[in-house]
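Student: I'd like to go through this one with you and check what each label rests on. Can we start with the ligand's surroundings?

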Amino acid sequence: MSSSASSGAPLVLLALFLFGSLVALSTGNLNQDFDITWGDGRAKILNNGELLTLSLDKASGSGFQSKNEYLFGKIDMQLKLVPGNSAGTVTAYYLSSKGSAWDEIDFEFLGNLSGDPYILHTNVFSQGKGNREQQFYLWFDPTADFHTYSILWNPQRIIFSVDGTPIREFKNSESIGVPFPKNQPMRIYSSLWNADDWATRGGLVKTDWSQAPFIASYRNFKADACILSSGASSCSSSTPSSSSTGRSWLSEELDTANQDRLKWVQKNYMIYNYCTDTKRFPQGLPPECGTS
Ligand SMILES: *[C@@H]1O[C@H](CO)[C@@H](O)[C@H](O)[C@H]1NC(C)=O
C-alpha cells in the first residue's frame with residue numbers, strides 16, 4: 001500500500017507530462033499546418049514543429065503557405081523579424097485567395113537600417129482591388145523578440161491586431177457598394193524577399209548583402225477558423241453547442257476599450273492612411289473611408 005503510493009507520484013507526473021506534450025503537439029505543430037513552398041532549403045521547420053524560419057540571401061528568398069484554406073477566422077502568429085540592418089528586406093505575412101478577382105489581407109514588414117524603425121504595411125484587397133494601404137510604426141522593436149500578429153476576419157469586419165491591440169479595422173461596406181471578402185476561401189502565405197527597389201523609401205537604401213543570410217522566425221500559430229475542404233466549411237458542420245460557445249469571433253466587434261486602443265495606435269503610430277490621401281484620390285476618397 002505504502003510502496004504503491006510512493007511509486008504513484010512519479011507515474012502521475014509522467015502521465016501529466018505525456019498529456020501536456022500531446023496537447024502541445026495538436027495545437028502547435030507547424031508541420032501540420034504549413035508547407036514550405038519555395039527557397040530551395042532556405043525555409044525550415046525546426047524543433048519538432050515549434051519554430052519556422054525563413055531566410056534570404058542574394059540568390060533567393062523563401063516562403064511557406066498553409067495547408068488549409070480558410071473562410072473566416074481568428075488567426076494568430078508570432079513573428080520575430082530580421083534583426084540588425086534589414087533595409088531592403090520585406091517579410092510578408094498574408095491571407096489570399098486565388099484568381100484574377102482575388103481577396104487578400106496583408107501584413108508586410110519593411111526592414112530598415114540598424115536602429116531605424118520597421119514599417120508595418122497593411123492592405124485589404126477585395127475582388128482584385130487593393131489600394132487600401134495603411135502603414136504604422138510599432139511601439140516596440142519587432143526584431144528583439146516574438147510578437148503576436150493577428151487577423152480577425154468575419155463577415156462584418158477585418159481587424160488587424162498586434163499583441164492584442166487593434167491597429168486597423170476594415171468594415172464590411174457592401175451596403176454602399178464596396179465588395180467585401182466573404183466568398184472566397186483564403187490560404188495563409190508568408191515570404192521573405194528582397195524589395196530594395198521600393199521598400200526603403202523608393203529604393204533609397206540598398207540591401208547590404210554582407211549581412212546575409214537574413215532570417216525571420218515564426219512560432220505559436222493558432223487558427224480559430226472555418227476550414228474549407230472540398231467545398232464544405234468546418235463551421236457549417238458543427239454541433240450547435242460548439243458554434244454557440246466556440247465561435248464568438250464570427251460576430252466579434254471592437255468594444256469601447258478596444259476602439260480607444262485603436263484610436264491610440266492610429267493617433268501615435270500611423271504613418272500613412274489611404275483614407276486621408278486626397279492627392280492620390282483627386283476624384284474623391286474611396287467610399288469606405290467615410291465609414292471607417
Ligand atoms: C526607416 O527609418 C527612417 C528614419 O527613421 C524612416 O523615415 C523610415 O520610415 C523607416 N522605414 C523605412 C522602410 O524606410
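Predicted model: local features only at pLDDT ≥ 70, side-chain atom pairs only at ≥ 80, totals over all residues.

Student: Which residues are around the ligand?

Tutor: Leu-110, Asn-112, Asp-116, Pro-117, Ile-119, Ala-199, Thr-200 and Arg-201. The test for being near a molecule is a C-beta atom, placed from the backbone, within 6 Å of it.

Student: Why is Asn-112 called buried?

Tutor: Buried takes 20 or more other C-beta atoms within 10 Å of the residue's own (12 or fewer is exposed, in between is partly exposed, and C-beta atoms are placed from the backbone). Asn-112 has 21, so it is buried. UniProt, in an unreviewed entry, also places the feature "glycosylation site" at Asn-112. Such annotations may be inferred rather than shown by experiment; the positions follow the numbering used here and feature names are shortened.

Student: Where is Asn-112 in the fold, and what does Asn-112 touch?

Tutor: Asn-112 is in the loop between strand S7 (104-110) and strand S8 (119-125). Strands here are DSSP runs of E with at least two residues, helices are runs of H or I with at least four, and both are numbered from the N terminus. Leaving out residues up to four places away in sequence, Asn-112 touches Ser-86, Ala-87, Pro-117 and Tyr-118. A contact here is two C-beta atoms, placed from the backbone, within 7 Å.

Student: What makes up the largest nonpolar core?

Tutor: A nonpolar core is a set of buried Ala, Val, Leu, Ile, Met, Phe, Trp, Tyr and Cys residues joined through C-beta atoms within 7 Å. The largest one has 51 residues, and Met-77, Leu-79, Phe-109, Ile-151, Ile-158 and Ala-216 have the most contacts inside it. Strand S14 (residues 214-229) gives the largest share, 7 residues. Beyond its neighbours within four places in sequence, Leu-79 contacts Tyr-93, Phe-146, His-147, Tyr-149, Ala-216 and Tyr-218.

Student: How do you know that S14 pairs with strand S5 (residues 69-80)?

Tutor: Pairing needs at least two DSSP bridges between the strands. S5 and S14 have 9, in the antiparallel sense, and one puts Lys-80 with Ser-217. Strand S3 (residues 51-56) also runs antiparallel to S14, over 6 bridges, with Ser-55 partnered by Ile-215.

Student: How many bridges join S14 to strand S15 (residues 232-233)?

Tutor: There are 2, again antiparallel, and Leu-228 has Ser-233 as its bridge partner. Their hairpin has 2 residues between the strands, and Ser-230 takes a positive phi near 35°.

Student: Which residues form the covered face of strand S4 (residues 62-66)?

Tutor: Ser-62, Phe-64 and Ser-66 do, with Gly-63 and Gln-65 on the uncovered face. S4 is joined antiparallel to strand S1 (residues 34-38) by 4 bridges and to strand S13 (residues 187-194) by 4 bridges. Phe-64 stands opposite Ser-190 in S13.

Definitions and conventions
Residues numbered from 1 in each chain as written.
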